[in-house]
Amino acid sequence: MGYKRRRVTLITNFVLFLGLFAVFALSFIPETAVPIYGGEEIKAIYGGNSKSGVSLTFNVYENKAAVEKIVEILDEYNAKATFFVGGCWADDNEATLFKILKSGHELGGHGYFHKDHAKLDYEGNREEIYLTGVMVKALCGYDLKLFAPPSGSYSDATLKAAANLGQKVIMWTKDTIDWRDSDEAKIIKRATDNLKGGDVILMHPKDHTVKALPEILKKIYAAGFTAITVGENLNG
């Protein structure tokens with residue numbers, strides 16, 4: 001068992017080293033040499049296309065216990081969600097990543113060190129997004145396709161960097177502000193008032209959010225909607 005654990009650690013560290021080397025090498029490529037992904041106008045996405053589903057999203061840099069409890073509650077209600085994970089958090093919580101994926105949920109990136117992406121240049125944005133993807137891929141073989149900028153702060157450089165890495169920038173239509181307010185009633189109200197198909201509901205792994213989650217799910221179902229991943233939501 002000890003040998004296997006050391007072997008996984010060595011492999012993870014090696015893959016991360018390759019990622020860091022790639023970022024270093026790419027920094028010498030002129031920005032004009034990097035093609036715009038898809039050749040289309042790039043925009044942040046504030047909601048999905050589903051008529052019957054809404055998406056619960058959790059931006060994760062803390063509280064492993066709360067994350068795992070959220071997964072258990074979602075399973076109990078047969079609901080799916082998207083977890084936007086920070087790279088440095090993912091590095092320390094491999095088992096939790098597997099638990100999220102095993103339950104059929106979706107992973108997205110949330111930057112490696114929770115930086116203000118609006119203040120980063122193109123290379124800084126690309127490094128934060130890319131390294132998170134490298135880490136998650138090394139840990140659980142999952143390719144990130146979605147990126148949620150920390151604090152919702154982004155710029156044109158963020159959009160371009162994410163697009164060139166094959167990721168869509170995801171925002172929200174409803175913000176529970178649970179990182180600031182611990183009032184469960186407020187969180188429930190902000191998450192479920194005037195629900196409409198395609199809504200993206202922003203939350204965090206806070207203990208009071210865990211307590212509010214069952215009632216949020218009940219209200220979502222009572223309003224005639226299902227809880228689906230952001231990827232499913234975008235596909236309509």
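Me: Which residues does Leu56 touch, not counting residues up to four places away in sequence?

Reply: In this predicted model, Leu56 touches Leu74, Ala81, Thr82, Ile201, Met203, Leu213, Ile216, Leu217, Ile220 and Ile228, not counting residues up to four places away in sequence. Contact means heavy atoms within 4.5 Å. Local features need pLDDT of at least 70, side-chain atom pairs count only at pLDDT 80 or more, and totals for chains, interfaces and linings use all residues; residues are numbered from 1 along each chain, and side-chain values use heavy atoms, without hydrogens and water.

Me: What makes a set of residues a nonpolar core, and which members of the largest one touch the most other members?

Reply: A nonpolar core consists of buried Ala, Val, Leu, Ile, Met, Phe, Trp, Tyr and Cys residues joined through side-chain atoms within 4.5 Å. Buried means under 20% relative accessible area (exposed is over 50%, partly exposed in between; 1.4 Å probe, protein chains only). The largest such core has 41 residues, of which Leu56, Phe58, Leu74 and Phe83 touch the most other members. Apart from it lies another core, of nine residues, including Ala44 and Met171.

Me: Why are α5 and α6 called oblique to each other?

Reply: Helix α5 (residues 122-140) and helix α6 (residues 156-164) pack at an angle of about 45 degrees. Angles under 35 degrees count as roughly parallel, over 145 as roughly antiparallel, 65 to 115 as roughly perpendicular and the rest as oblique. The two helices, α5 and α6, are therefore oblique.

Me: Which residues of α5 meet α6?

Reply: Tyr122, Asn125, Arg126 and Ile129 in α5 meet residues of α6, among them Ala157 and Lys160.

Terms used: Axes fitted to C-alpha atoms, helices over the stretch in contact; angles between N-to-C directions. Helix = DSSP H or I, 4+ residues; strand = E, 2+ residues; numbered from the N terminus.
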